[in-house]
Amino acid sequence: QAHLALPRFRPAPFGRACGAAPGRRCPAGTAAAMAMPSAAWAALLLAGAAQAAAGAPATPRFKWGQTKDLIFLSVMVRDLDKASVSISLPDGDFRFRARNTKGEEQALDLPLREDVEDGPKFEVAQRPDKWGIATVVTLVKTHKHRWDVLVQDPKKFKGLMDKDWSREDQSLEPEEEAPYVEDNEQLVPVTAKTLNKTIAKYDVVVVNVRYPWCTQCKSQDDTFAKAAKASKKAGSKNKKMKGKVAFAVLDAREERKLAKQLGATCDYTCEYRVFTDPAEDSVVLKSSWSEEELLQSVAKFLGPAVVEISSDAELAAWKETNTTCFGGFKTKASPEFLAFKRIASLMRGELVFVAQFGAHKTVGIWPHKQNYSLEYDGSWQDSGAAFAEWIKPRALPLLQEYDWKLRDTYEKLGLPLAKVWLNDEDKNPTFDKVVRHVVRRGGERVLRKIA
C-alpha cells in the first residue's frame, strides 16, 4: 500500500508558477502542467506510487558485437543472482530475465533486426565491469552476413545499448543495398499491414520476398521487375487486363515475422508467393530467367482454381485437352469441396480441377492421353492433406520424355526418380516400343513409390 500526503495547490501569480520572471510567459508544456487540477495531480502521483509498489522490472544495460556467423550480446546487472538468469527467443526475439541479490527483477526484451537460430548459449562472467556482472549470450545468425544494427529501432534503447568492440569483427564491410523498389516504380511495396488490402485489390498478387542485402537472386530480381513492367504495359493497352495482376515486394528484414511465415531465404532457390484471395493459402512459384516465361506462369492464376460445370459434355471437353481431376459435391460449403479447392489452388497449372454441384460423385483423375482413370477413396478430414499426397504423383504421366525443366516437378514429389535411357539412333523402333510398354506397366505397380 502507498500512503500519500498531497499538498494543497494554490494559484500562483501569472508567470511565476514555472519560475519565470513576473510578466513573462511559461513554456507551453509547463503552463499546461501547472494548470492541471489537483485531482489530475493526485492521479499521476497514485499511478507512480502504484508502479513503484508493483515493483516493475528494471531494464539493464547491454552491449553487442558480431562476426559473420555470430552475435555476442552482454547484459549487465549489478549484484546479479547468477542462478536467476533466463534466456529465451520467443518468436525469434531476444528475452532476458534475472534478479539481483536483493530480489529485484531485471528484464530486457529486444526485437532483433534479423533471424537467429534457436538454442542460444550463455555464460556469466566471473568479474563484474562498471555496469555490473555480465551475462554473455551467443546467438547464431540464420543468414551469415554483417548486420547493420542489432534491433529494429535502436532509438528505443538509447542510453542502454553500447557496442562491444572487443567482440566486433571490424573487418566486416557494410553491404551495398540497392534501392530495388525505389528504382522500379512498377513494383508494389507491401507490409504485414497492407498485404491483405493489396490481395483484395487485385486478382493475382505475386510477392517477391527478398532481403535487401541478398544478391543470390539478382538476375531473377531483374526478371521480376521486367515482368512487372510488361504486365503494367499490357494493362494499359488491354482494359480487361488492367488492375488484374500486381508484382509486389516484401522487405524480409523490415517485415521479419511475416517473411519467416512466407519462407524467406537467401539462396539460389529464388521463389515467389502467389496470392489470389486473402482467405486462401499462398502458392509457391518458381522464379524464371525470362519475363515471358514468368508472365506465362502467372497467367495460370488468372482463372479459377476449380472450374464449375453443369453437364457431362463440359467434363468430356476438359478431359479431351487436359489431365483432369473431377468431383461431384452437394454444395460449395461442403468440407469435401473446401479441401478439394484448397489443393486445386496449390496445384494451379499442373492439371485442371473440375467440380459439379448438387450430388456427391467420387473424385477421380483422368490423365491426358491415357486410357485409364483413378478414383480417390481416402479421407477428407485433414484439410486435403491425404488427397494432395494421393493426387500429386498421379498428375504426372507414368512415362514421359525427360527435360531439365521437369526437374523441379519431380523433386516436389519426394520420390526416387527412375530414368530409362533409350537409343534414339536405333532405326528399328520395335525394341523402343517394348521398353515403353514394360515401363508403363511397371509404373502402375510402383505408383507413389517411384516416379
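Let's start at Phe 431, which you'll find in helix H11, residues 430-445. (Helices are DSSP runs of H or I with at least four residues, strands are runs of E with at least two, and both are numbered from the N terminus.) You're looking at a predicted model, where local features need pLDDT of at least 70 and side-chain atom pairs count only at pLDDT 80 or more, while totals for chains, interfaces and linings use all residues. Residues are numbered from 1 along each chain as its sequence is written, and side-chain values use heavy atoms, with hydrogens and water left out.

**The chain as a whole**

- The chain has eleven helices and 18 strands.
- Of its 451 residues, 35% count as buried. Here, buried means under 20% relative accessible area, exposed means over 50%, and partly exposed is in between (1.4 Å probe, protein chains only).
- Take the contacts between residues at least 6 apart in sequence: 68% of them join residues at least 24 apart. A contact means heavy atoms within 4.5 Å.
- The accessible surface comes to about 27600 Å², and 51% of that belongs to carbon and sulfur atoms. Such areas come from the Shrake-Rupley method with a 1.4 Å probe, and for residues only the protein chains shown count as cover.

**Back to Phe 431 and its patch**

- Phe 431 counts as exposed because its relative accessibility is 59%.
- Together with Val 434 and Val 438, Phe 431 makes a nonpolar surface patch of about 300 Å². Patches are built from residues with over 30% relative accessible area and no salt bridge; like charges are joined within 9 Å, and nonpolar side chains (Val, Leu, Ile, Met, Phe, Trp, Tyr) within 5 Å.

**Salt bridges**

- Side chains of opposite charge can pair when their charged atoms come close. The rule used here asks for a side-chain nitrogen of Lys or Arg within 4 Å of a carboxyl oxygen of Asp or Glu.
- By that rule, the count is 20 salt bridges.
- One of them joins the side chains of Glu 254 and Arg 113, at 2.8 Å from N to O. Glu 254 sits in the loop between strand S11 (245-251) and helix H5 (256-261), and Arg 113 in the loop between strand S5 (105-110) and strand S6 (121-124), so the pair ties together parts that are 141 residues apart in sequence.
- Glu 254 counts as partly exposed at 42% relative accessibility, whereas Arg 113 counts as buried at 8%.
- Both residues also belong to a network of salt bridges that links Arg 113, Asp 148, Glu 177, Arg 253 and Glu 254.
- Lys 244 forms a salt bridge with Asp 203, with the closest N and O atoms 3.2 Å apart. Lys 244 is in the loop between helix H4 (218-237) and S11, and Asp 203 is in the loop between helix H3 (195-201) and strand S10 (204-210), 41 residues apart.
- Glu 280 pairs with Lys 341 in a salt bridge, and here the closest N and O atoms are 3.6 Å apart. Glu 280 lies in the loop between strand S12 (271-275) and strand S13 (283-286), Lys 341 in helix H8 (residues 335-346), 61 residues apart.

**Empty space**

- Rolling a probe the size of a water molecule over the atoms shows where empty space is left.
- On a 1 Å grid over the protein atoms alone, a cavity is a set of points where a 1.4 Å probe fits but cannot get out; a pocket is an open set with protein on both sides within 12 Å along at least five of seven lines, and lining residues have an atom within 4 Å of a point.
- The structure holds one cavity of 30 Å³ or more, and the largest cavity has a volume of about 40 Å³. (Points are joined across faces, edges and corners, and a volume is the space filled by probe spheres set on them.)
- Glu 280 turns up again in the lining of the largest cavity, where Phe 275, Phe 301 and Arg 348 are also among the residues.
- The largest pocket has a volume of about 1800 Å³. It is lined by 49 residues, of which Lys 286, Lys 405, Asp 408, Thr 409 and Lys 412 lie nearest its centre.
- H10 gives the most to this pocket's lining, with six residues.

**Two residues with positive phi**

- Asp 91 isn't a glycine, yet its phi is near 55°. Asp 91 is in the loop between strand S3 (86-88) and strand S4 (94-99), and counts as exposed at 64% relative accessibility.
- Cys 270 also has a positive phi, about 50°. Cys 270 is in the loop between H5 and S12, and is buried, with a relative accessible area of 6%.
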